[in-house]
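This briefing covers helix packing and charged side-chain pairs. Start with the structure below.

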Amino acid sequence: MSDDAGDTQRSDAEEIAPAPRRRRGWLRLLLYLVIFLSGGIVGTGTTLMIIRKSALFAVHHPGEMPGIIADRMERALDLDDEQKRQILDILHERQEALQDIRRQSQPLVEEQLDLLEEQVAAVLDPEQQENWRSRIEHIRRTWIPVPPPQRRP
């Protein structure tokens, strides 16, 4: 009888034991994928913000760019002091020439932007025109700063 009682106890314990849990590997994989994609989105957004900030700095502070470029060239090319000085002089000279070209072409650019603003506004209702003019003004202030003053010789 003791054997039957032991068998009964064993079989009761086997019946009470929970069934093995199904693995949820797909859920773990989905979680990893979401985390990976979130990191990619945050990294991409941060990179784009840094690039935009750098581009705007170059647009609004063109006079500082020769020094920044020379510093980068010094590190990348292992320039000596004399080479850096000569390159900096060349960069300043070319920067001034580019600014002269910009001063000459700026009125043409502004004229085209004025035409663009007026032609698009003609298609819009008054509320849309106000929004459009605000947007185009923001674009002009952000990406097309006033030309630099002529450098005195």
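Leu 113 lies in helix α4. The model is predicted. Leu 113 is buried, because its relative accessible area is 15% and the cut-off for buried is under 20%.

**Around Leu 113**

- Setting aside neighbours within four places in sequence, Leu 113 contacts Arg 140 and Ile 144.
- Leu 113 and Arg 140 are 27 residues apart along the chain, and their C-alpha atoms are separated by 8.7 Å.
- Arg 140 is also buried, with a relative accessible area of 12%.

**Packing of α4 and α5**

- The axes of α4 and α5 come within 9 Å and cross at roughly 160 degrees.
- The two helices, α4 and α5, are therefore roughly antiparallel, since angles over 145 degrees count that way.
- The crossing of α4 past α5 is right-handed.
- On the α4 side, the contact is made by Glu 110, Leu 113, Asp 114, Leu 116, Glu 117, Glu 118, Val 120, Ala 121 and Ala 122.
- On the α5 side, Gln 129, Trp 132, Arg 133, Ile 136 and Arg 140 take part.
- By class, this contact of α4 with α5 has 7 nonpolar, 1 polar and 6 charged residues.

- Asp 114 and Arg 140 form a salt bridge through their side chains, with N to O at 2.8 Å.
- Asp 114 lies in helix α4 and Arg 140 in helix α5 (residues 126-143), so the pair ties together parts 26 residues apart in sequence.
- How exposed is Asp 114? Its relative accessibility is 38%, so Asp 114 counts as partly exposed. Arg 140, its partner, is buried at 12%.
- A network of salt bridges with shared partners joins Glu 110, Asp 114, Glu 117, Glu 118, Arg 133 and Arg 140.

**Packing of α2 and α5**

- Helix α2 (residues 25-60) and α5 have axes that come within 9 Å and cross at roughly 75 degrees.
- How are α2 and α5 oriented to each other? They are roughly perpendicular, because the crossing angle of roughly 75 degrees falls in the 65 to 115 degree range.
- Arg 52, Ala 55, Leu 56, Val 59 and His 60 are the α2 residues in this contact.
- They meet Arg 141, Thr 142 and Trp 143 in α5.
- The contact of α2 with α5 divides into 4 nonpolar, 2 polar and 2 charged residues.

**Other salt bridges**

- How many salt bridges does the structure hold? The total is 13.
- One of the pairs is Asp 71 with Lys 84, whose side chains meet at 2.6 Å, N to O.
- This pair links distant parts of the chain: Asp 71 is in helix α3 (residues 65-77) and Lys 84 in helix α4 (residues 81-123), 13 residues apart.
- Asp 71 is partly exposed, with a relative accessible area of 32%.
- Arg 85 forms a salt bridge with Glu 82, and their closest N and O atoms are 2.6 Å apart.
- Arg 85 and Glu 82 sit 3 residues apart in helix α4, so about one helical turn separates them.
- Both ends of this pair are partly exposed: Arg 85 has a relative accessible area of 42%, and Glu 82 is at 39%.

Notes:
Residues numbered from 1 in each chain as written. Predicted model: local features only at pLDDT ≥ 70, side-chain atom pairs only at ≥ 80, totals over all residues. Heavy atoms only, no water. Salt bridge = Lys/Arg side-chain N within 4 Å of Asp/Glu carboxyl O. Helix = DSSP H or I, 4+ residues; strand = E, 2+ residues; numbered from the N terminus. Buried < 20%, exposed > 50% of the residue type's maximum accessible area, 1.4 Å probe, protein only. Axes fitted to C-alpha atoms, helices over the stretch in contact; angles between N-to-C directions. Parallel < 35°, antiparallel > 145°, perpendicular 65-115°, else oblique. Contact = heavy atoms within 4.5 Å. Nonpolar A, V, L, I, M, F, W, Y, C, P; charged D, E, K, R; others polar. Left-handed = near helix turned anticlockwise from the far one by under 90°.
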